[in-house]
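Here is a short briefing on one predicted model.

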Amino acid sequence: MALLELKGLNKHFGGLHVTNAVDLALEEGEIHCLIGPNGAGKSTLFRLILGEHRPGSGDIYFAGENITALKSFARIHRGLSVKFQVPGVFKGLSVRQNLEIALQSRHRGGALAREIDRLVTFTGLEAEQAQQAGNLSHGQKQWLEIGMAISLKPRLLLLDEPTAGMSPEETHLTGEMVQRLNADGMTVLAIEHDMAFVRQVARRVTVLHLGQVFAQGSMEQIIADERVAAIYLGQAHA
Amino acid sequence: MNGLLVFLRRLEGPQTVGHGRAFWIVFAIVLAGACAYPLVADGYTVGNTAYFFVWVFIALSLCLIWGYGGSLSFGQTAFFGIAGYGYGVLTINFGSAYGFTLIALLLAIAIAALFALLLGYFMFFGRIAGVFLGIVTLAVTLMFERFMAQTAGPEWHIGAARLNGFNGMSAMPPITIPWFGEDIVLFADIGLYYFVLGLLVVVYLSLRILMNSAFGNVIVAIRENPERAEMLGYDIRKYQLITFVIGAALAGLSGVLYTAWGQYITPSSMGMTAAALPLIWVAVGGRSDLTSTVIGTLVVLSAFQALTIYGSQYALVFMGVLLVLTVLIAPNGLVLAVMNLLSRLATRGKEGKR
């Protein structure tokens, strides 16, 4: 059974058809990348999955349950979690406090402190743990937010451009981070522009174009597809 | 026992400035000074100080909703008025025997809180936020003022209590504590002073515990980034609503104490000026910290009163200038800036010794 299934999803913003009859099925345990040129409707699709936008028509199934009408926080309780495109950390609070807020509904007391320590190590922010999150570099904010997102132990992790603004080394580290999470059983759906990252982690790739699913397959198939090159890779290499 | 210890440890935490032995020693000295104060001052001055204390609760309510929660509310003044009038109506009708004034105090606060629950439900579950929250709450406050101002006629009464339009309601009994033999009537001097001081200490310490708890964490998280807070699985509307209701209850407490202090309340206590002044106290002190709010409110209030005595026409202008200066020099509050400086100096001193 698919973990996440989108069926005939439609969303209009005024006259703009941003999500056009999108069907997508995500198998449990896969790393799936969503690519496509700017304005393809990738982030909107995330917002639909998370319940920040309501679809005009269509349904969203998570682990067999229709979650189309659920509020965002209720979807999080079902096992969804997200890292936003613009890092959504609590800027005025310390790194540890950020993690504490993410963890406190699952752990208390000494267990909470240990779990915070574990995530501080996982995200590589040991030296910065007492700092205000707003003072972190862009890449560090990305990692902190990934740390917060995975602290919920989600079944499905949504990553919206997890490597934006990162150096090639940082991008590679992030890829390893995602692979480690996946090895522990987490399903990942990532929007990404960085092809090196997509090559590193993706088992399947879906190309969105003008709100529609344009192509789908392994990275090799997508690269071999001339139509995709025309709309996306072609532009990127030009 | 262990649970109590965990509970008390929350008196300190990242959400409140001031920690460690030095802070609590200063706290104890200030508290002892406040307790001894009536021994050295005359009844009138003590009563006047109690009047300052009365306003601290509404300031704390704003600190909670605005400073910690990030929602600017002009509605505190409305809850202040509702509870004040509520106390008046209840005590004028039912008197002060058998400790009823204390029940009236609680009932009046409950009425304000209930109203906040209703208003807050529509605002937060309707996802009204930011500047629109300010506009809606200001409109509600001014609407109450206008409404109460036109209740001059004899047809406007609740039981024996005449609302009296712009002249306001008066002659309600002061807070009266039932006691063996003779009731203790808390007139606006030493008696009320200790009553309000006791409440102030309890509320201040309780809020410190609340803000350093898991609940406080979520409130601050909503201020910093509501979308992220919701995407960690928190139903932020509920947290915002609860905070709003607690804030309304605190503002209501101010309203009741104010009414009991002067034995009168008027619609202008819900007017534009009345709604703006608490914002200035809290902003000047440091809205995101409880201690800074208390100190800032007391300092600004005393300065304001001194000014109204020596040059009343300039007092409000001065308040405006003070707000502008605060925003320009120390946007997080003057008292908070000083306190942060002190704690930095203290840590540096410690490191120097090592």
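Of the 238 residues in chain A, 45% are buried (20 or more other C-beta atoms within 10 Å of the residue's own, with C-beta atoms placed from the backbone). The model is predicted: local features need pLDDT of at least 70, side-chain atom pairs count only at pLDDT 80 or more, and totals for chains, interfaces and linings use all residues. Residues are numbered from 1 along each chain as its sequence is written, and chains are lettered from A and ligands numbered from 1 in the order in which they are written.

**Overall fold**
- Chain A has 9 helices and 10 strands (DSSP runs, H or I of at least four residues and E of at least two, numbered from the N terminus).
- The radius of gyration of chain A is 18 Å, which agrees with the value near 18 Å for a compact globule of 238 residues (C-alpha atoms; 2.2 Å times the number of residues to the power 0.38).

**Sheet**
- Six strands of chain A form an open, mixed sheet in the order 6-7-8-3-9-10 (pairing needs at least two DSSP bridges).
- Strand 6 (80-83) and strand 10 (212-217) of chain A are the edges; each has a single partner strand, so one side of each lacks a neighbour in the sheet.
- Strand 6 of chain A runs parallel to strand 7 (residues 156-160) of chain A, over 4 bridges.
- L80(A) has L156(A), in strand 7 of chain A, as its bridge partner.

Definitions and conventions:
A residue is buried if 20 or more other C-beta atoms lie within 10 Å of its own, exposed if 12 or fewer, and partly exposed in between; C-beta atoms are placed from the backbone.
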